[in-house]
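This report is meant for a reader who is meeting the structure for the first time. Please look over the sequence and the model before reading on.

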Amino acid sequence: MERRAPLPPFTRETAEQKVRMAENGWNSWDPITVSMAYTEDSRWRNRAEFLQGRESIQAFLKRKWDHELDYRLIKALWAFQANRIAVCFQYEYHDDSNNWFRAYGNENWEFDTNGLMRRREASINEMPIQFSERKFFWELGLRPEEHPGLSAACF
């Protein structure tokens with residue numbers, strides 16, 4: 001059986017660790033690696049799109065990152081209880097015409113006893129931004145530890 005520590009029930013420390021692990025995974029742009037954090041039959045709502053299972057998640061993420069270029073994401077813990085975590089997030093990307101966007105959102109996560117996410121509900125809004133309005137500047141990939149999180153960088 002697959003296990004992905006930290007396991008529920010979450011403490012503040014383990015919930016924050018789970019959030020950073022998710023952020024790091026998504027900033028890798030690797031659909032297969034990211035999908036391994038979810039149960040094989042995980043259910044998602046992402047905006048108005050409904051997905052179930054790792055293969056659907058992988059296909060979705062591939063489409064996403066083929067369109068959302070130079071994607072950089074920051075997640076922050078909002079709340080947690082037992083096997084559930086709520087996060088807020090922001091990300092920036094540009095399209096193939098070099099139009100930049102910032103997305104704002106909230107996610108609700110539910111985990112199984114092995115620490116795999118079995119449910120993800122995401123509400124996301126985005127707006128066009130100018131290149132000069134960008135806030136997330138780091139080499140592509142994982143956000144460096146010294147880069148501010150959401151509370152310092154974005155609110």
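Which residues does Tyr 38 touch, not counting residues up to four places away in sequence? The model is a predicted one, and in it Tyr 38 touches Trp 26, Trp 44, Arg 54, Ile 57, Leu 116, Met 117 and Arg 120.

Tyr 38 also belongs to the largest nonpolar core, which has 29 residues, and it is listed with Trp 26, Trp 44, Leu 61, Ile 85, Tyr 91 and Trp 109 as touching the most other members. At least two residues of this core come from each of H1, E1, H3, E3, E4, E5 and E6, and E4, with five residues, gives the most. Another core, of six residues, lies apart from it and includes Ile 74, Ala 76, Cys 88 and Trp 138. In soluble globular proteins, nonpolar side chains tend to be buried together.

The buried residues of H3 are Arg 54, Ile 57, Phe 60, Leu 61, Lys 64 and Trp 65. They cover an arc of only 120 degrees around the axis, and therefore they sit on the same side of H3. An α-helix has 3.6 residues a turn, so residues three or four places apart point the same way. On the face turned away from the buried side of H3 are the exposed residues Glu 55 and Asp 66, whereas the buried residues of H3 are covered by elements including helix H1 (12-27), helix H2 (31-35), strand E1 (38-46) and strand E4 (84-94).

Strand E5 covers residues 100-111, and nine of its 12 residues are buried, so the strand is largely enclosed by the rest of the structure. Its pairing with E4 is antiparallel, and so is its pairing with E6 (residues 117-129). Tyr 91, one of the core residues named above, stands opposite Ala 103 in E5, while Glu 110 has Arg 119 in E6 as its bridge partner.

| Hairpin | Bridges | Residues between the strands | Turn residue with positive phi |
|---|---|---|---|
| E4 and E5 | 11 bridges | five residues | Asn 98, about 65 degrees |
| E5 and E6 | 12 bridges | five residues | Gly 115, about 85 degrees |

Conventions
Residues numbered from 1 in each chain as written. Predicted model: local features only at pLDDT ≥ 70, side-chain atom pairs only at ≥ 80, totals over all residues. Heavy atoms only, no water. Buried < 20%, exposed > 50% of the residue type's maximum accessible area, 1.4 Å probe, protein only. Helix = DSSP H or I, 4+ residues; strand = E, 2+ residues; numbered from the N terminus. Arc of directions from axis to C-beta. Contact = heavy atoms within 4.5 Å. Pairing = 2+ DSSP bridges. Core = buried A, V, L, I, M, F, W, Y, C linked by side-chain atoms within 4.5 Å.
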